[in-house]
Amino acid sequence: MISVLVVEDEEITAEANRVFVERVPGFRVEGVVRSGGDALRFLRRHPVDLILLDLYLPDMHGLEVCRALRAAGVMSDVIAVTSARDLSVVRSAVSVGVAQYLLKPFTFASLNEKLTRYAEFRSSVEGVGEASGQGEVDRALAALRGPAHSSLPKGMTQATLDAVLAELRRAPGGLSAQTAGSAIGVSRVTARRYLEHLTESGITHRVPQYGGLGRPELLYRII
């Protein structure tokens, strides 16, 4: 089993990440902490194989946590989980040993793919001895960093999903399928399909809105 520490300051998100990780065969969550300091203290007592690390923590930046870990000789691998899209942050993350980078909000399928690739990488470099050649090294790294395969249901596109997510982030009170569809230029039925996919993936939840006669309208909100 690959042991994992979840580092996330938002309680609901932390619990969702824990549940997601434990749905992936071969992974076990050893702990959930809410700050960088708590992560460092936990890892001094309980080493883990992998850290699922939010970068924006209340006491320090996640990259500072990485630097402190390396300085202390802790060699746990790190998957950064963050809403930060700044490419300079991505470069800094690579420089301090972050193995993979996962943008919030993400679906279970996205995390599952990252963890599966990580498990393949660990399997390819386990044991002792030397690589047989450049090809073996390249295959090991490709397992970790190779191009992602689409994890969306047939007929759905990442561009449309990103557009729906962008509208949801601009509407903390929630969006109906009709409003989301109008905002991004697709039909209500298409928008609802994407919103339902996000709900099934644990990114959004449905909130019935009452106000008139007949059935209540469903709003979708990011969790």
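**How the strands line up**

In which sense do strand 3 and strand 4 pair, and over how many bridges? Strand 3 (residues 50-54) and strand 4 run in the parallel sense, joined over 5 bridges; two strands pair if DSSP finds at least two bridges between them. Look at L50 and you'll find D77 as its bridge partner in strand 4. On to strand 5 (residues 98-103): strand 4 pairs with it in the parallel sense too, over 5 bridges, and T82 stands opposite L103.

A quick word on the model: it is predicted, with local features needing pLDDT of at least 70 and side-chain atom pairs counting only at pLDDT 80 or more, while totals for chains, interfaces and linings use all residues. Numbering starts from 1 along each chain as its sequence is written, and side-chain values use heavy atoms, leaving out hydrogens and water. Helices (H or I, at least four residues) and strands (E, at least two) are DSSP runs, numbered from the N terminus.

**Crossovers**

Strand 3, helix 3 (residues 62-71) and strand 4 form a right-handed β-α-β unit. From strand 4 the chain goes through helix 4 (residues 87-95) to strand 5, again a right-handed crossover. Right-handed here means that, with the strands pointing away from the viewer, the path from the first strand over the helix to the second runs clockwise.

**What's inside**

Strand 4 (residues 77-82) is mostly covered, with 5 of its 6 residues buried (under 20% relative accessible area, 1.4 Å probe, protein chains only). L5 touches, among others, G31, F42 and I51, leaving aside residues up to four places away in sequence; contact means heavy atoms within 4.5 Å.

Notes: Buried means under 20% relative accessible area, exposed over 50%, partly exposed in between (1.4 Å probe, protein chains only).
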